[in-house]
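I am opening a notebook on this structure and will set down, entry by entry, what I looked up.

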Amino acid sequence: MVSMGKKIGKNANRFICNTCGHESMKWMGKCPGCGNWNSLTEEVISSQRPKGVTSQQRTKPTALAEIPTTQAYRYSSGMGELDRVLGGGLVPGSVILVGGDPGIGKSTLLLQVADQIGRSGRKVLYLSGEESASQIRLRASRLGIENSAVFFLNDQNIDFLGGYLQELEPDLVIIDSIQTVYSDDLSSIPGSVSQLRECTATITDLAKTSDRVFFLVGHVTKEGALAGPKVLEHMVDVVIYFEGEKHFPFRILRGVKNRFGATDEIGLLEMSGVGLREIIDPAQIFLSCKDSSVSGSAVVGSFEGSRPLLIEIQALVVAGNPGYTRRMASGIDQNRLALIIAVLEKRRGVNLANSDVYLKVTGGVFLRDPAVDLGIAAAILSSHRDKPLPLDMVYLGELALSGEIRAVPFLEARLKEIEKMGYRNVVVPAGSKYGKAFSQQLGVSEVKNLDDFIDLIMED
Ligand code: TYD
Ligand code: MG
């Protein structure tokens, strides 16, 4: 009996999906959980319950009205743009996951936050599994950070974290990165799905039972999702993506999940020689110096988070090899470009079948707002006909498959920004509602469908 018990108690191998966390006893090409191919990897699961979840003390249910609201106060991270994405600041007892490409500036951002928090009289623990103390020190001196309230720790074993926290009592803990820490309870390697889940669970436990804020750095995969299963995103309170093109200085903090505030808020930062700087007035940074004689360039009013941004879109339409034409988009989804081209071809007979189409959003931002469709169509048409668009015009509208121009949300806020930036003309979807004040200062043209629109901008 005893030997049998031991046998069952031995470590078992499981196959776990990297994307959704589905577990299976045998390897399969396709994950039954999420349908992804080749995402199952083998991991050794210890059959003992991890130490983190020992029998807890019983707690009593509390009436909702009796829970003190003071627990939900926030404090500033010292960086306005980060506070904005967080929904107004750091909430004690929360876990914030920051994901982004390697080299985008995650460690820099968090070191700067550590410094700001340290200066406000709080203690910070910076746990790095990726860089040595001297490397962090080097970055700190580059950023001009000399802060005795920021403590550095190079220990990847998460089992000791609780002890360190009791010793040091920090208010903010930064784990750089969650893929490099591990727990001894599991024998799988750091970064594996079960380690990620285990370590994140330990950290959320530590956060919930204290007033500490935890920042976790997470790596992203080639496709741009956080490495590790979606499960990781479910376990934490806030998920922020740090985006941008490495060759541009601009960086965007994008909230994708927030238990304490609105999501889809963005923060704008700029990487300089001395760390990240906030962009306070983002109005002009995504506009290049326009030349009136160049075709294929259009300005759109995109709405990112809670504010409008004027961004220039450039298109280049050139003769291609019939049958092997290329469509390349940077800054918008490739499929969206294909869709807009298809609508142009079908609804207006614009012949792009033998042309290569390249599209570029300036500044290295990625636009998801559907209201920029019209501007994309305008830029493509302008390049196709080699006819420059008016310099002082902005385009707003979503393109439906039928060729109709759909209404856009937050129209007034967009118009306000357009006016502030000194543009004189704007194209909006027909039937849009906006204040009388705008129609006096701006030449507002309403378009119902693609035909109207092309007649308006391409008239000779
Ligand atoms: P880092 O924070 O190490 O990125 P991550 O942690 O996301 O991998 O940032 C690395 C890049 O940022 C590196 O290419 C150099 C650049 N950088 C600056 O341009 N200015 C600076 O002041 C610092 C510290 C880094
Ligand atoms: Mg780093």
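I began with Glu131, whose relative accessibility of 16% makes it count as buried, because buried here means under 20% relative accessible area. The model is a predicted one, and in it I found Glu131 in a salt bridge with Arg139, with 2.8 Å between the closest N and O atoms. I then looked up the total and noted that the structure holds 16 salt bridges.

**Entry on a pair across the chain.** I turned to Glu243 and Arg368, which form a salt bridge with their closest N and O atoms 3.7 Å apart. This pair links distant parts of the chain, since Glu243 sits in strand β9 (residues 238-243) while Arg368 is in the loop between β16 and α9 (373-385), 125 residues apart. Which of the two is buried, and which partly exposed? Glu243 is buried, with a relative accessible area of 18%, whereas Arg368 is partly exposed at 46%. I also noted that Glu243 and Arg368 belong to a network of salt bridges that includes Arg254 and Glu304.

**Entry on two helices.** Next I checked Asp373 and Arg336, whose side chains meet in a salt bridge at 3.1 Å, N to O. Asp373 lies in helix α9 and Arg336 in helix α8, 37 residues apart, and the pair links distant parts of the chain. Both Asp373 and Arg336 are buried.

The side chain of Glu43 does reach the backbone nitrogen of Val193, at 2.9 Å. Leaving aside neighbours within four places in sequence, Glu43 is in contact with several residues, among them Asn13, Arg14, Ser192 and Ser194.

**Entry on the sheet.** Last, I traced an open sheet of seven strands in the order β15-β16-β14-β13-β17-β20-β21, with mixed pairing. Its edge strands, β15 (327-330) and β21 (443-447), each pair on one side only, and neighbouring strands are turned by 25° against each other on average, direction ignored. I followed β15 to strand β16 (residues 355-361), with which β15 pairs in the parallel sense over four bridges, and saw that Met328 stands opposite Tyr358 in β16. Helix α8 (residues 334-348) lies across β15 and β16, running at about 130° to β15. Helix α12 (residues 450-458) also packs on the sheet, where it touches β17 (393-395), β20 (425-429) and β21, and its direction makes about 145° with that of β21.

Note on methods:
Residues numbered from 1 in each chain as written. Chains lettered and ligands numbered in written order. Predicted model: local features only at pLDDT ≥ 70, side-chain atom pairs only at ≥ 80, totals over all residues. Heavy atoms only, no water. Pairing = 2+ DSSP bridges. Axes fitted to C-alpha atoms, helices over the stretch in contact; angles between N-to-C directions. Contact = heavy atoms within 4.5 Å. Polar contact = N/O pair within 3.5 Å; in protein donor to acceptor, adjacent residues only side chain to side chain. Salt bridge = Lys/Arg side-chain N within 4 Å of Asp/Glu carboxyl O. Buried < 20%, exposed > 50% of the residue type's maximum accessible area, 1.4 Å probe, protein only.
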